[in-house]
Amino acid sequence: NVSGFSFSAAAGPLPDEVAADVAAACRAGRGSVLSLPFTSPAFRALQEETEACLRRLLAIPDRFRVLFLAGGASAQFALLPLNLLGTARQASYVDGGHWSRRAIAEARRYAEVSIAVQASGRIPDVGEWRVDPRAAYCHVTSNETADGLQFRELPVLPVPLVADMTSDLLMRPLDFARLSLVYAGAQKTIGTPGLTLVIVDERLLGRARPETPRVMDYAAQAAADSRLCTPPVFPIFVAHRMLHWIEARGGVAVMAEAARRRSDAVYAALAEGAGTYVMPVDRASRSHVNPCFRLADEAQTALCLQAAEAAGLHDLRGHPDVGGVRVSLYNGVADAAVDALVAFLRAFARRHGL
Ligand code: PLP
């Protein structure tokens, strides 16, 4: 079904203009982006422009390197300890939900992981965080995609802060005085699957364990401008178009404001239907990207999802480990989609409210 709107958490839609531009570049024959050699001057220019635009949008300081890698954000769950532990054995992790726990489970294969703080439905004040001073780094999942919880304020920590921003990079301004490494899979807010961005303070480079695969060694990839092996050329092309689209609309502050306005509209509709909907996340910790809710009568969840489908509102099922309903409002989601969803939530509550 290609009509209607998708609110998928797994991948964000491309804005119509970007999708049309990408489709036009996918022509057959010589010069097609689908077979652009990574060794060509044209690709180098594309990569340089993509990086320059990313640096402008996020005000990335010169001492940070931008890596264009493959393997998805999940590969980084292992590559972080392999690259960053150095002579340390300890790493601290914030447990904010599903994706934190996936990162923690993988890190435990390489490091002694301690939990700095548990944020179940509410983010505790930074004073309550217990970061191990011996830790090589502290990891946080800035937006818990499955649970609908977002760390909007990132703290100043005594150890390097590493953030998985797979579901909110380019949807909020960043303060690189607080961050040492940021990574994100591109499929939600930056473009299309296959590219993972790693933005890393060069002071953290050169600590990789000797057994780290060379193509996954941050320092080696930085030295080779991410071309130690064939980089994900097509997703970099899509990211190039998407980044320029964001810039043309006023940049990341404008995206952040749109995310706040759009999520506020969804949360307001849920609050109006308080007898029908339950919001499990504390107000101050609610995500501006992935509002999650449950039906007060859990048996109505299937009915709600079915009615949404019939209204052309797709991919709203909650994460399998979490259940309920989840709305994803990535950069490429159209305002018209959000308006239609808000109208649906109000009408459903009126019709089926307790
Ligand atoms: N981290 C977060 C916060 C995510 O939302 C996801 C995917 O949904 C991942 C990591 C996994 O990304 P990938 O499938 O690119 O490995």
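Two residues count as in contact here if their C-beta atoms, placed from the backbone, lie within 7 Å. With that cut-off, and leaving aside neighbours within four places in sequence, Ala-73 is in contact with Asp-164, Thr-166, Tyr-183, Ala-184, Gly-185 and Thr-196. This is a predicted model, where local features need pLDDT of at least 70, side-chain atom pairs count only at pLDDT 80 or more, and totals for chains, interfaces and linings use all residues. Residues are numbered from 1 along each chain as its sequence is written.

**The seven-stranded sheet**

- Helices (H or I, at least four residues) and strands (E, at least two) are DSSP runs, numbered from the N terminus, and two strands pair if DSSP finds at least two bridges between them.
- Seven strands make an open sheet with mixed pairing, in the order β2-β10-β9-β8-β5-β3-β4.
- Its edges are β2 (64-69) and β4 (112-118), each of which pairs on one side only.
- On average, neighbouring strands here are turned by 20 degrees against each other, direction ignored.
- For angles like these, axes are lines fitted to C-alpha atoms (for helices, over the stretch in contact), and the values run from 0 to 180 degrees between N-to-C directions.
- Helix α4 (residues 98-107) packs on this sheet, touching β3 (90-95), β4, β5 and β8, and its direction makes about 160 degrees with that of β3.
- Zooming in, β5 (residues 138-141) and β8 (residues 161-164) run parallel and share four bridges; Val-140 has Ala-163 in β8 as its bridge partner.

**The three-stranded sheet**

- There's also an open sheet of three strands, ordered β11-β12-β14, with antiparallel pairing.
- The edge strands are β11 (277-278) and β14 (325-326), and each pairs on one side only.
- β11 and β12 (residues 292-295) pair in the antiparallel sense over two bridges, with Val-278 standing opposite Arg-294 in β12.

**Annotated residues**

- A note on the labels: UniProt positions are given in the numbering used here, feature names are shortened, and annotations may be inferred rather than shown by experiment.
- An unreviewed UniProt entry puts "modified residue: N6-(pyridoxal phosphate)lysine" at Lys-188, which sits in the loop between β9 (181-185) and β10 (196-201).
- A residue is called buried if 20 or more other C-beta atoms lie within 10 Å of its own, exposed if 12 or fewer, and partly exposed in between, again with C-beta atoms placed from the backbone.
- Lys-188 is buried because 30 other C-beta atoms lie within 10 Å.
- Not counting residues up to four places away in sequence, Lys-188 touches Ala-11, Gly-12, Thr-166, Ser-167 and Tyr-330.
- The "binding site" feature, also from UniProt (unreviewed entry), falls at Ala-73, Ser-74, Trp-99, Thr-145, Asp-164 and Gln-187.
- Ala-73 belongs to helix α3 (residues 72-84) and is buried, with 23 other C-beta atoms within 10 Å.
- Asp-164 is part of strand β8 and is buried too, with 29 other C-beta atoms within 10 Å.
- Beyond four places in sequence, Asp-164 touches Ala-73, Trp-99, Ala-103, Thr-141, Ser-142 and Tyr-183.

- Leaving aside neighbours within four places in sequence, Arg-63 is in contact with Asp-201 and Glu-202.
- Arg-63 and Gly-29 are 34 residues apart in sequence and 40 Å apart in space, C-alpha to C-alpha.
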